[in-house]
Structure formats: C-alpha cells, structure tokens
Amino acid sequence: MIITLTHERDRRVARVRYDNATRGNCFDHAALHDLVETLESAAADETCAIIHLEMAGRHFCGGWDTSSFGRLARASVQEIAADLRDSDLALHRIRQLPVPVVAAVRGEVIGFGAGLLHAVHLPVAATSARMSLPEARYGFAPAGVGHTIAQSLPRAHAYHLLTGAAAATAAQLLAWGLVARVVDDDHVDHEVDALIDALLAVPGRTVRAVVQVVESSLTTGRPEHAYDVSAGTIRAGLNAEESRG
C-alpha cells in the first residue's frame with residue numbers, strides 16, 4: 001500500500017493517491033489512518049482549496065482487508081465494537097475536512113468502501129461502478145456502513161443492500177445522492193478534471209466556507225453556524241468589491 005501527496009495548480013489542488021490496487025484498494029486500520037492523516041495534512045495548507053483523491057487501479061475500494069478477520073475471531077465483542085467505532089471516526093474526519101474531496105468512482109465499491117464513498121464530498125461515478133455489501137454472507141451485520149446506508153437510503157433499499165440480496169448500480173447511487181454525477185467510463189477522469197476546474201473558479205476561502213455551511217448543517221441540523229459563516233463571506237466579498245471600485 002502506497003499513499004502519495006502532490007500539489008498542482010499553484011498548490012490550490014492537492015492530489016492524494018491511494019494505491020493498494022493489487023488488493024482491490026482494501027483497507028485495514030493502519031492504511032485508513034495513514035490516508036486520513038495525509039488528507040488532513042493536505043487540507044492544513046491554507047492555499048489548498050480542493051483535494052483530488054485518486055484511488056489507483058480498476059476499483060474504488062474492495063472493502064476491509066479480510067486478512068484481519070482471524071484477529072477479530074479472537075477479540076472480545078467490546079474490542080471489535082471499539083475497532084468499528086474507530087474506523088467510523090476516521091471517516092468522520094474526512095467529512096470534516098475544511099476543503100472538499102473530489103474523487104472518481106470506478107469498478108467495485110465493496111463493504112467499507114460504501115462508507116468511504118459517503119465520506120467523499122464530490123464523488124463522480126463511472127457508469128460501470130457497482131456497490132455491494134457482502135458482510136451478511138460472512139454472518140456479519142454491518143455497523144457503521146449499515147448506519148450510513150440506513151440514514152441515506154429508502155428503508156426497503158437499505159434492507160436490500162445490507163442483507164446482500166442486491167447490489168447498487170451507478171444510476172442508483174446517483175438517485176440516492178451518494179454520487180454527484182455519473183458519466184461514461186471513458187470520460188470519468190475528464191469529468192473529475194472539469195469539476196476541479198469549476199471549483200477553482202471560486203475563491204478558495206469561499207469553497208472552504210461552503211464546506212462549513214454544508215457540513216455544520218448536516219451535523220447539527222441547524223443553521224446557526226451557517227449564518228455566521230455566510231455573514232463573514234458577504235462582508236469580505238463586499239469589501240473586496242469596494243476596494244476594486
């Protein structure tokens with residue numbers, strides 16, 4: 001597994017590449033925390049306005065690394081629950097980044113990959129992308145991913161997916177709001193680049209402010225923080241116009 005961070009567009013775009021392609025881009029706790037820390041490091045640069053997350057290879061995410069299941073078999077229920085909470089908290093840190101994460105979604109999105117997909121702010125899916133939740137076949141009831149799916153999807157679709165009775169197409173992911181767009185496989189990288197160009201046309205501080213408005217609203221269900229954030233951008237924008245005039 002290799003994670004790299006590079007900078008583009010005068011450091012306004014941070015490109016983070018996760019390469020565990022030989023194992024379908026699966027994760028364990030160490031890999032997840034390494035990715036989150038790299039994303040946080042990229043976002044800490046005030047020049048950065050966008051993070052481009054690039055998942056190497058044919059698949060977005062092959063789920064959790066099954067080689068860890070042997071350890072889980074020897075762990076207590078409390079230890080397993082703590083691990084599940086830890087991975088969910090790591091995904092929450094991605095959602096709480098001060099800049100949006102843009103990513104292409106191609107191939108398979110399996111198990112834990114659904115949680116990673118939900119944490120990405122602006123995912124763009126290829127038409128062939130497919131999401132499946134096979135945990136039930138191992139005798140597992142999905143935890144954090146189960147909660148995410150239950151909160152995000154109509155009840156019947158949540159049951160359909162979480163029992164492993166069905167997989168989701170890219171068109172369904174779009175209909176459920178789990179991806180921003182669906183495009184032909186050959187055009188997905190071009191569409192991601194076009195989305196990044198569109199975001200770069202907006203001042204970086206405004207992009208960061210929009211992230212605050214959206215994420216604080218989703219987290220609290222209330223608009224108070226959004227009022228303060230919006231007021232700050234309105235004043236800054238009007239002062240900038242006044243200075244130019």
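Colleague: Why is Glu191 called buried?
Modeller: The model is predicted, and in it Glu191 has a relative accessibility of 18%. Buried means under 20%, so Glu191 counts as buried.

Colleague: What makes Glu191 and Arg181 a salt bridge?
Modeller: Their side chains come to 2.6 Å, N to O. The limit is 4 Å, so the pair qualifies. It links distant parts of the chain. Glu191 sits in helix α8 (residues 188-200), and Arg181 in strand β9 (residues 181-183). They are 10 residues apart.

Colleague: Is Arg181 buried, partly exposed or exposed, and how do you know?
Modeller: Arg181 has a relative accessible area of 43%. Exposed would need over 50%, and buried under 20%. Arg181 falls in between, so it is partly exposed. Elsewhere, salt bridges with shared partners join Glu8, Arg15, Arg17, Asp19 and Glu54 into one network.

Colleague: How many salt bridges are there in the whole structure?
Modeller: The search finds 12. One of them is between Glu40 and Arg93, with the closest N and O atoms 2.8 Å apart. This pair also connects distant parts of the chain: Glu40 is in helix α1 (residues 29-43), Arg93 is in helix α3 (residues 77-95), and 53 residues separate them.

Colleague: Why are Glu40 and Arg93 called partly exposed?
Modeller: Glu40 has a relative accessible area of 28%. For Arg93 the value is 29%.

Colleague: Are Cys26 and Cys61 buried or exposed?
Modeller: Cys26 has a relative accessible area of 5%, and Cys61 has 0%. Both values are under 20%, so both residues are buried.

Colleague: How many aromatic pairs are there, and why is the one between Phe27 and Phe112 called tilted?
Modeller: There are 4 aromatic pairs. The ring centres of Phe27 and Phe112 lie 5.5 Å apart, with the planes at 55°. Stacked means under 30 degrees and edge-to-face over 60.

Colleague: What makes Tyr138 and Phe140 a stacked pair?
Modeller: Their centres are 5.8 Å apart, with 20° between the planes. The limits are 6.5 Å for the centres and under 30 degrees for stacking, so the pair is stacked.

Colleague: Which residues touch the most other members of the largest nonpolar core?
Modeller: That core has 49 residues, and the answer is Phe27, Ile51, Phe60, Ile94, Leu116, Leu117 and Met131. Its largest share, 7 residues, comes from α1. Leu116 touches Phe27, Met55, Phe60, Cys61, Leu91 and Ile94, leaving out residues up to four places away in sequence. Another core of 13 residues lies apart, with Ala49, Val124, Ala126 and Leu199 among them.

Note on methods
Residues are numbered from 1 along each chain as its sequence is written. This is a predicted model: local features need pLDDT of at least 70, side-chain atom pairs count only at pLDDT 80 or more; totals for chains, interfaces and linings use all residues. Side-chain values use heavy atoms; hydrogens and water are left out. Buried means under 20% relative accessible area, exposed over 50%, partly exposed in between (1.4 Å probe, protein chains only). Helices (H or I, at least four residues) and strands (E, at least two) are DSSP runs, numbered from the N terminus. A nonpolar core is a set of buried Ala, Val, Leu, Ile, Met, Phe, Trp, Tyr and Cys residues joined through side-chain atoms within 4.5 Å. Contact means heavy atoms within 4.5 Å. Rings of Phe, Tyr and Trp (its six-membered ring) pair if their centres lie within 6.5 Å; planes under 30 degrees apart count as stacked, over 60 as edge-to-face and the rest as tilted.
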